Amino acid sequence: MDILLKNIMLADATGENVKVAAAKGGEFTGEIQTGAQAMESFPEAAAQICPDLAAVEAFLLCEGPGSMLGTRSASAFIASVAALTKAKIYTWDAMRAAAFAFAGANPGIAEFSIIAPSRKGFANLLNFSNGEIEFEREVEIAELGVLAHSGKRLLRQRKNVDAALAGMETVEFSLKEIFETAKARPELLEPRETPPDAKSLSKREYVKWKAQARI
């Protein structure tokens, strides 16, 4: 993808650590992490990794699933800068990119599952088999034993997770690994015309608002 050859900034605020990185001409140039909340630390981290934000030609943002507040904070900052500089915005799915990064690093494992924390009692599940994603959706944690493949890996996004997930082997990928994965799998990047929202796999039922009768 030509966009990966330009002056780009990558950002992932879906987990406990805010990650930002830079690349130019198809070569990765650096990455930093901050443990502070994205709302507080993202602008400073972005300016640190890319001192001249006006020179950034494209922003690559992880849309989740993960921390919705962190993702939206990063999105608001990136979208504001891009609106002024006319930079392009692309997003990638955290679990899909992690699946292909894991598959690339472990060619001997043909079938596995990537699991990420979700709301109480639920987890996000992605099943991968023979080079392809079978499905990605939110499921009840109690169903993981039936739905997930035996090779389960928990995508590290939070310090504290449901007790049923706590003993699972974890995986975490640097932005350099995500960048290299995107070079091999450019279809993981999706162009955005509007500020990206945080991705959620939850299907929630909301009660329709009903106006109260006048007293």
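**View 1. Serine 129 and its polar partner.** The side chains of serine 129 and asparagine 130 are joined by a polar contact of 3.4 Å. A polar contact here is a pair of N or O atoms within 3.5 Å; within protein, one must be able to donate a hydrogen and the other to accept it, and residues adjacent in sequence count only if both atoms are side-chain atoms. Please keep in mind that this is a predicted model, in which local features need pLDDT of at least 70 and side-chain atom pairs count only at pLDDT 80 or more, while totals for chains, interfaces and linings use all residues. Residues are numbered from 1 along each chain as its sequence is written, and side-chain values use heavy atoms, with hydrogens and water left out. Serine 129 belongs to strand 7; helices (H or I, at least four residues) and strands (E, at least two) are DSSP runs, numbered from the N terminus. With a relative accessibility of 12%, serine 129 counts as buried (buried is under 20% relative accessible area, exposed over 50%, partly exposed in between, with a 1.4 Å probe and protein chains only). Leaving aside residues up to four places away in sequence, serine 129 touches Ala110, Glu111, Glu134 and His149, where contact means heavy atoms within 4.5 Å. Isoleucine 109 is 20 residues from serine 129 in sequence, and their C-alpha atoms are 8.9 Å apart.

View 2. Strand 6 (residues 111-117) and strand 7 (residues 122-129) run antiparallel and are joined by 7 bridges. Across this pairing, serine 113 faces asparagine 127 of strand 7.

View 3. The whole structure holds 5 aromatic pairs; rings of Phe, Tyr and Trp (its six-membered ring) pair if their centres lie within 6.5 Å, and planes under 30 degrees apart count as stacked, over 60 as edge-to-face and the rest as tilted. One of them is the tilted pair of phenylalanine 28 and phenylalanine 179, at 6.0 Å centre to centre and 50° between the planes. This pair links distant parts of the chain, with phenylalanine 28 in strand 3 (residues 27-34) and phenylalanine 179 in helix 6 (residues 175-184), 151 residues apart. Both phenylalanine 28 and phenylalanine 179 are buried. Phenylalanine 102 and phenylalanine 112 form an edge-to-face pair, because their ring centres are 4.7 Å apart and their planes stand at 70°. Phenylalanine 102 sits in helix 3 and phenylalanine 112 in strand 6, and both are buried. One aromatic cluster is formed by Phe100, Phe102, Phe112 and Phe128.

**View 4. Two arginines over rings.** The charged end of arginine 119 sits 4.0 Å from the ring centre of phenylalanine 122, over the ring. Arginine 137 likewise has its charged end over the ring of phenylalanine 135, 4.2 Å from the centre. A charge sits over a ring if NZ of Lys or CZ of Arg is within 6 Å of the ring centre and within 35 degrees of the ring normal.

View 5. Strand 1 (residues 8-12) runs antiparallel to strand 2 (residues 18-24), with 5 bridges between them, and alanine 11 stands opposite valine 20 of strand 2.

**View 6. Serine 75 in helix 2.** Serine 75 is found in helix 2 (residues 68-85) and is buried, with a relative accessible area of 3%. A polar atom of the serine 75 side chain lies 2.5 Å from the backbone oxygen of proline 196.

Conventions: Two strands pair if DSSP finds at least two bridges between them.
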